[in-house]
Amino acid sequence: MATINFYLDKSDKKGFSPIHLRINCNSEQVKLSTGEKVQQDDFDKETQSVKENSERATEINYYLAYLRDRADELLNNSYKKSYTNKELKLKLTGFVKAYKENHNVNIVREQVSLYGKPFTFVDLFAGAGGFSEGFLQAEHNNKFFDFLLANDINDNSELTHVVRYNHQLGLDADFLCQDITEPDFLDNLLSKINGKKVDVVCGGPPCQSFSLAGKRKKFDKKDDLFSHYLEVIKVLQPKYFVMENVKGILTKEKGKIKELIIKEINSIVDINEIPRLSSFVKSLKKTNLDNSFLIDCLVKRIEIEQFIDSKAEEVKELYIKTIDSKFKKLTPNIADYKTSKTDERISTIRHGFNLLVRNKEWEKLKRDIIREKDFCNIDNDYFIDSFTQFLTEIDSNEIINKIEIAFSKLNIAKDYKKACDDIINALKIYVLSIDDCLSLIRDYCNENQNKELGVIINDIRLYKIEAPFVANSSNYGVPQNRERVLFIGCRKDQKFISEIPATVKEEEKVSVFEALYDLDFIGNNEEAHQYQLVDISKQYNGTAKKMKGLLKKRSIDGKPIKTKGKTFAEWSRRGRLNGRFEKSTKPFYVRNEEALNNGEKVYDILHNHKTSNQGKDVIKRLDIILKEGDYKKAKEKLNECGLSSNKRNYNVLKPESQSPTVMTIPDDYIHYNSPRALTVREMARLQSFDDSFVFQGKRSTGGNNRKSELPQYTLVGNAVPPLMARAVALEILKNIR
């Protein structure tokens with residue numbers, strides 16, 4: 001029976017004694033230094049720990065307990081039946097080495113110098129950091145990316161970011177943990193950027209409410225995140241921006257959502273060109289004397305685009321008050337005094353102006369209600385219609401609609417009909433996008449003026465975009481068929497990018513087997529902390545030659561090459577980040593922010609590789625589905641065996657092809673070689689994350705906790721595949737000026 005303990009060696013000149021790990025096994029001993037030192041009086045021999053009142057006691061004791069657990073695992077729970085003392089010491093030394101390399105290292109480290117031009121980027125809705133990983137991997141003709149800031153609303157996103165980019169890679173990239181819809185988001189974002197120029201903004205607003213597979217809801221809090229993303233673009237004005245979403249967004253609302261997004265992108269204007277457009281629109285009054293009021297309103301609406309935040313709200317308020325003033329002068333001509341004070345039609349118009357003036361406050365209230373509605377799961381119940389109706393009523397478009405109805409029910413004399421119509425049209429101009437305003441301006445132009453306007457429109461639109469681009473991640477070396485829509489906005493002074501060229505041909509795509517074969521050494525309810533040798537010949541016996549034939553030497557982006565190539569699994573273990581990060585430290589795991597602050601870090605060789613504890617019936621069910629190769633085909637046999645399931649679908653991975661889209665629930669997938677779900681690490685491989693990228697916090701969660709927690713599986717499933725992001729970043733680097 002082996003015993004594991006710690007002891008102190010001789011003290012140095014300062015009175016500190018090295019802590020050693022000792023294993024007694026079969027009359028032999030294995031000894032190695034832990035790399036930590038303490039005062040003799042600070043170590044409790046009975047408890048084998050550092051006394052609580054000592055400096056760094058929590059951190060050191062956590063580390064010692066971690067080493068003890070790994071030693072016990074190697075001795076008693078190893079996949080290999082037994083280790084020699086030499087092998088045992090070598091394995092444990094690996095864990096100690098990882099700890100030493102990371103201990104007391106400055107978070108921000110000097111990177112390996114790269115000669116060339118750095119371009120900056122910001123990652124919004126960052127999640128785990130798929131875009132960030134891909135952008136940091138990209139390099140072209142000595143051009144590369146510097147990471148300024150990431151944003152998301154979840155603590156575990158921030159924790160994963162801080163560990164990966166600050167502690168491990170030594171970057172000073174900041175993280176803003178805040179909802180993009182909050183009123184002070186932009187102020188906080190600008191404060192963290194601290195005046196630095198942003199060249200590229202990337203991000204994928206959450207896609208649940210746009211997905212064809214999910215249930216669509218009215219007034220879902222995620223539905224307006226695109227517009228808030230574009231508000232950031234308006235302020236930062238990067239050279240390029242990239243928005244990622246599910247393919248279903250192209251057909252949502254019969255394509256209207258896609259058209260709206262393009263229209264909103266076209267409405268981002270170069271504010272330096274606004275005076276030129278304003279002057280042109282004002283000049284139209286000479287040939288449109290009867291419509292001078294509406295033309296003035298168009299000018300005011302256009303000029304709102306020059307301002308942001310509080311100043312923009314002031315200008316909007318002034319716009320509505322100007323129209324209100326026109327109505328007050330008009331009122332005596334369309335209603336007598338008594339009617340003007342008591343009639344509900346007049347009151348509707350008057351109060352409608354009040355509501356519009358307070359638009360900022362109503363928008364904040366709407367956001368709060370939508371957030372609470374979402375938190376309380378209000379949907380498909382007796383409450384939903386009331387919530388939907390109220391949220392509809394306080395929308396500016398609906399308020400204007402009611403004002404128009406009120407006007408239509410008044411008996412207005414012919415002489416004042418146009419003045420009333422002008423008020424209604426002026427209100428409609430207020431809620432138009434700039435793109436719609438430009439279309440409306442054309443109605444007041446003659447042929448020559450239309451030509452001049454066309455030139456101005458071309459100059460005033462800050463970004464060029466023709467149509468969104470559908471990208472399949474498997475075309476970029478990712479072992480997964482994941483179709484995503486990319487909106488790529490190109491600033492007018494930059495080269496136009498309409499698509500991202502594939503890096504692999506159809507017959508060259510990376511297979512599931514290439515991605516996962518070297519991780520296939522654990523069974524049900526097991527966890528691995530280091531790699532084990534996988535012998536394909538023994539594991540596959542008669543089909544070994546075929547399986548080995550699936551392995552190809554490739555470049556980083558998946559292209560098969562004969563010399564200096566690596567398999568996909570080898571790239572995953574080595575890492576795909578370029579030479580800038582040679583000084584990065586070993587990856588580690590922490591369970592939460594408190595553990596990070598206390599130094600309770602786990603320095604394993606392999607992270608996130610743990611299987612679920614599935615019951616016997618579940619394993620039998622998965623085994624039947626695996627053997628049948630398809631869930632639908634297996635249903636009859638499952639019924640016969642009393643193992644049927646209410647689960648909608650199981651995806652059996654095919655070793656020779658690509659996986660279906662990786663989602664957030666591991667039980668949706670069955671491993672190609674054994675009846676079990678996938679580990680976080682295996683799902684990360686299918687997404688093309690390097691093994692050195694450690695997903696922090698809880699492994700999984702369920703129920704209502706999914707609203708507030710973002711466990712490892714969700715971080716992986718929601719991420720942009722880094723290799724696809726790398727292809728996007730590379731194309732930008734090829735074209736950016």
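## Basis of the model

Because this is a predicted model, local features need pLDDT of at least 70 and side-chain atom pairs count only at pLDDT 80 or more, while totals for chains, interfaces and linings use all residues. Residues are numbered from 1 along each chain as its sequence is written, and side-chain values use heavy atoms, with hydrogens and water left out.

The average pLDDT (the predictor's confidence in each residue, from 0 to 100) is 90 for the protein, and 94% of the residues score at least 70. Over residues 207-217, however, pLDDT stays under 50. Where pLDDT is low, the predicted coordinates should not be read in detail.

## Overall make-up

The protein has 28 helices and 18 strands, which are DSSP runs (helices H or I, at least four residues; strands E, at least two) numbered from the N terminus. Its C-alpha atoms fill a box of roughly 110 × 70 × 55 Å along the principal axes, and of its 737 residues 52% are buried, meaning under 20% relative accessible area with a 1.4 Å probe and protein chains only.

Of the contacts (heavy atoms within 4.5 Å) between residues at least 6 apart in sequence, 71% join residues at least 24 apart.

## Helix α12

The buried residues of α12 are I346, S347, I349, G352, F353 and L356, and they pack against helices including α10 (309-334), α13 (359-375) and α16 (414-430).

Technical notes: Buried < 20%, exposed > 50% of the residue type's maximum accessible area, 1.4 Å probe, protein only.
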